[in-house]
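Reader: I am new to looking at protein structures. Could you show me how to read one, step by step?
Author: Gladly! Let's look at it together.

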Amino acid sequence: MGNFLGSMPGAVAQGLIWGIMAVGVYITFRILDIADLTVDGSVCTGAAVCAVLIVNGVNVWLAMLAALVAGIVAGCVTWFFHVILGIPAILAGILTQLMLWSANLKIMGGANVAVSARQFKGIFVTQMDIGGSLIWLFAGAAITVGLLYLFFGTELGCAIRATGCNGAMSRAQGINTNVMKLIGLALSNGIVALAGAVLCQYQGFSDINMGKGAIVTGLASVIIGEAVVRKIGKNFALKLTGVFVGSVIYWMVYQTVVFFKIDTDLLKMLSALLVALFLGIPYLKKQLGQRKTRGGAANG
Amino acid sequence: MDRKEMLRLSGIVKKFNPGTVNEKIALNGLDLTLNDGDFVTVIGGNGAGKSTMLNAIAGVWRVDGGSVVLDGRDITSLPEYKRALYLGRVFQDPMMGTAADMQIEENLALASRRGKRKTLAPGIKKAERAQYRELLSELGLGLEDRLSVKVGTLSGGQRQALTLLMAAMREPKLLLLDEHTAALDPKTAAKVLEITDRIISEKKLTALMITHNMKDAIAHGNRLIMMHEGRVIIDVSGEEKRRLTVEDLLEMFTRASGGEFSNDRAILS
């Protein structure tokens, strides 16, 4: 049992790193009301850029900044497909994701790149020092929540929220909704790529498959987090914190599944079903409610 | 008239689904001129082009012909979000005019910044709240104590009243009301119309108000137009409008439309 508890700090670290990614998903899915599948590719793009730069002797912080920029570019590509070419958002994301698959292979010059913390001393988040990493990660999560809380309280942030909430109203209020979608998608994918950059340092390598299913993991974290913090309050900072909480819970469950040697192959199936269930419940509730009122009207 | 011209629509053409079997000419060479301070009520049967006219003015899409001149400036090719600076809009669907997931004060703050460049300044400043509280208390709906409530929890009437407030906030050159009371119960509709009248007269706004209700069309505004097949077919104002009755209007409508649309009488009355 001691071994099981011993695996938990690692799960928390994983949860916080993927939590950064989930916050990116939250921005598109909950704020912009766009299901952006670009993230499955931009996680790896961030990791690939960061790993390759570190291996080539670039400062770790600069490498992470470059990863952020790469993610922003990926978001802009999806925006171009969606807004300028009029392709449905989901398909636009899938197209970018596919482009990124090739781009990631080219960036890495292969399917993976090793960046060991032993070799590159600048790396400060690594599973070889989980305690030290957790301090950085908690700080990073707090800074992410704080900055985004402030940003979405600005005029620009409010305009982005209004765009996701009601596009027609936003245009009637003089908001250029196309530009707001651009900022939202760029910001989201920038954050997702940054998460990828941290992840490659933590696990010591970047890999072409590392973003697979990231959208579902992210959505699961968002949904779990919402269920947890709903009772506490509606503050936006709390909601963002909830995303990190949801992600940590997700990875603790994952670690438990691994520890008890339950078939991890099934985990993606379970995550997807969880997301489908939680997204479906509000719809079914509404359908049932409508049927009731219709029945009532018929009786009356 | 000595009042200056505020809006001039010249030969506006708008086709939907052009080149298909479903092609519909919604606006067919529409001409309309509004003077500053005109409060015009708009009636007409289904498919007459009333909403299409407002959307053409608001720039929801590009028109297929003609020009829109607002206060001397040709805005025909200006995108919707840029025209918003000059226009206030309230829609038929109470859900459409506000952002449901945002607070009342946040919605008002968006409206008070309409057409301004969005910066990293705070989305709402402390001093604004007192101002919004005062504005809301004038509505008499008790919203002034609920500034931080999400708009989605308000009733349809409350949302329309709020949307009106937002539309008039920056004193638009033209207020566009697209059957904004049609989705409300009669009592709430009367209340929202009363607020509409008050805001328009207080701020001396120029307004176009579509309505399905002939009595309302006669009782409000200084001018009444009737649309049919994408054009204005009746235009009465001043003393003539004051003396109008619903019967007169139905009579005029049947005559002007060639008597073939008596089916629409049911819709209009």
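Reader: How many residues does the contact take from chain A and from chain B?
Author: Keep in mind that this is a predicted model. The contact takes 19 residues from chain A and 25 residues from chain B.

Reader: Which helix of chain A gives the largest share of the side that touches chain B?
Author: Helix 7 of chain A does, with eight residues. Both helix 7 (155-165) and helix 8 (167-172) of chain A supply at least two residues each to that side. By class, the residues of chain A that touch chain B are nine nonpolar, seven polar and three charged.

Reader: Now to chain B itself. What helices and strands does chain B have?
Author: Chain B has ten helices and ten strands.

Reader: And what can I learn from the radius of gyration of chain B?
Author: Compare it with what a compact globule of the same length would have. For 269 residues that would be near 18 Å, and chain B has 19 Å, which agrees. Along its principal axes, the C-alpha trace of chain B spans about 60 × 45 × 40 Å. Buried residues account for 43% of the 269 residues in chain B.

Reader: Why is helix 1 of chain B described as largely enclosed?
Author: Eight of the nine residues of helix 1 (residues 50-58) of chain B are buried, so the rest of the structure largely encloses this helix. Among the buried ones are B:Lys50, B:Met53, B:Leu54, B:Asn55 and B:Ile57. Just after helix 1 of chain B comes B:Gly59, with a positive phi of about 80°.

Reader: How do I describe two helices that pack together?
Author: Two packed helices are described by the angle between their axes and by the distance between those axes. In chain B, helix 5 (residues 156-168) and helix 6 (residues 186-202) pack at an angle of about 10°, and their axes are 10 Å apart. Angles under 35 degrees count as roughly parallel, so helix 5 of chain B is roughly parallel to helix 6 of chain B.

Reader: Which residues meet there?
Author: From helix 5 of chain B, they include B:Gly157, B:Ala161 and B:Leu164; from helix 6 of chain B, they include B:Lys191, B:Val192 and B:Ile195. The contact between helix 5 and helix 6 of chain B has six nonpolar, four polar and one charged residues.

Key
Residues are numbered from 1 along each chain as its sequence is written. Chains are lettered from A and ligands numbered from 1 in the order in which they are written. This is a predicted model: local features need pLDDT of at least 70, side-chain atom pairs count only at pLDDT 80 or more; totals for chains, interfaces and linings use all residues. Axes are lines fitted to C-alpha atoms, for helices over the stretch in contact, and angles run from 0 to 180 degrees between N-to-C directions. Helices (H or I, at least four residues) and strands (E, at least two) are DSSP runs, numbered from the N terminus. Angles under 35 degrees count as roughly parallel, over 145 as roughly antiparallel, 65 to 115 as roughly perpendicular and the rest as oblique. Two residues are in contact if their C-beta atoms, placed from the backbone, lie within 7 Å. Ala, Val, Leu, Ile, Met, Phe, Trp, Tyr, Cys and Pro count as nonpolar, Asp, Glu, Lys and Arg as charged, and the others, Gly among them, as polar. The radius of gyration is taken over C-alpha atoms; the globule rule is 2.2 Å times the number of residues to the power 0.38. A residue is buried if 20 or more other C-beta atoms lie within 10 Å of its own, exposed if 12 or fewer, and partly exposed in between; C-beta atoms are placed from the backbone.
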